[in-house]
Amino acid sequence: MEREKKLLQQSVAIVAALPVATGLYGVLFGQALTGDAVSISAESHFRFMSGLLLGIGLCFWSTLPSIEIRTGRFRLLTLLVVIGGLSRLIGLVLTGLPSFFMVGGLFIELVVAPVLCLWQTRIANRYADAYGVAER
């Protein structure tokens with residue numbers, strides 16, 4: 001179990017680096033990431049959303065030290081990511097195919113994050129069976 005837990009921690013650390021890096025970049029440089037010129041209000045909104053992305057990544061990192069007992073937090077964060085992915089999917093249907101990087105984000109949001117959440121649940125259940133303790 002310890003080896004699988006360590007592999008999950010490493011996987012989450014790597015995957016969470018993406019929202020941390022892109023969120024921080026968006027906070028610092030705004031729309032420069034997309035190359036589009038937008039209004040000051042749109043720029044402000046983009047930076048706010050980038051801050052949320054940064055925060056979600058940091059919160060995923062906060063689960064790493066005791067990932068086997070952070071089920072509630074992990075599920076909440078995954079729910080937020082999936083809601084964002086579904087929103088991106090609606091945008092894809094309504095406005096067309098976005099850039100390759102946005103499609104990659106969609107894959108992470110709707111496939112990778114739920115798989116990591118299921119994996120975390122597996123680790124948490126095995127931990128609870130072994131030690132009788134788990135966060136709900």
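**Helix packing and aromatic pairs**

Among what covers the buried residues of helix α3 are α1, α2 and α4 (100-131). Before going on, note that this is a predicted model, where local features need pLDDT of at least 70 and side-chain atom pairs count only at pLDDT 80 or more, while totals for chains, interfaces and linings use all residues. Residues are numbered from 1 along each chain as its sequence is written, and side-chain values use heavy atoms, with hydrogens and water left out.

Let's stay with α3. The helices here are DSSP runs (H or I, at least four residues), numbered from the N terminus. With 25 residues, α3 reaches 36 Å from its first C-alpha to its last, close to the 36 Å expected at 1.5 Å a residue; that expected span is 1.5 Å times one less than the number of residues. T71, F74, L77, T78, V81 and G85 are buried in α3, where buried means under 20% relative accessible area, exposed means over 50%, and partly exposed is in between (1.4 Å probe, protein chains only). Just after the helix comes G96, with a positive phi of about 115 degrees.

Now for the rings. Rings of Phe, Tyr and Trp (its six-membered ring) pair if their centres lie within 6.5 Å; planes under 30 degrees apart are stacked, over 60 edge-to-face, and the rest tilted. That rule gives four aromatic pairs. One of them is Y25 with F29: the ring centres sit 4.7 Å apart and the planes are at 45 degrees, so this pair is tilted. Both residues belong to helix α1 (residues 2-29), four residues apart, which is about one turn of the helix. Y25 is partly exposed, at 34% relative accessibility, and F29 is partly exposed too, at 45%.

Then there's F60 with F74, an edge-to-face pair with 5.1 Å centre to centre and 80 degrees between the planes. F60 is in helix α2 (residues 40-62) and F74 in helix α3 (residues 71-95), so their pairing ties together parts that are 14 residues apart in sequence. F60 is buried, at 9% relative accessible area, and F74 is buried as well, at 1%.

Back in helix α1, have a look at K5. Is this lysine buried or exposed? K5 is buried, because its relative accessible area is 13%. Leaving aside residues up to four places away in sequence, K5 touches P65, I67, E68 and I123, a contact being heavy atoms within 4.5 Å.

Terms used:
Helix = DSSP H or I, 4+ residues; strand = E, 2+ residues; numbered from the N terminus.
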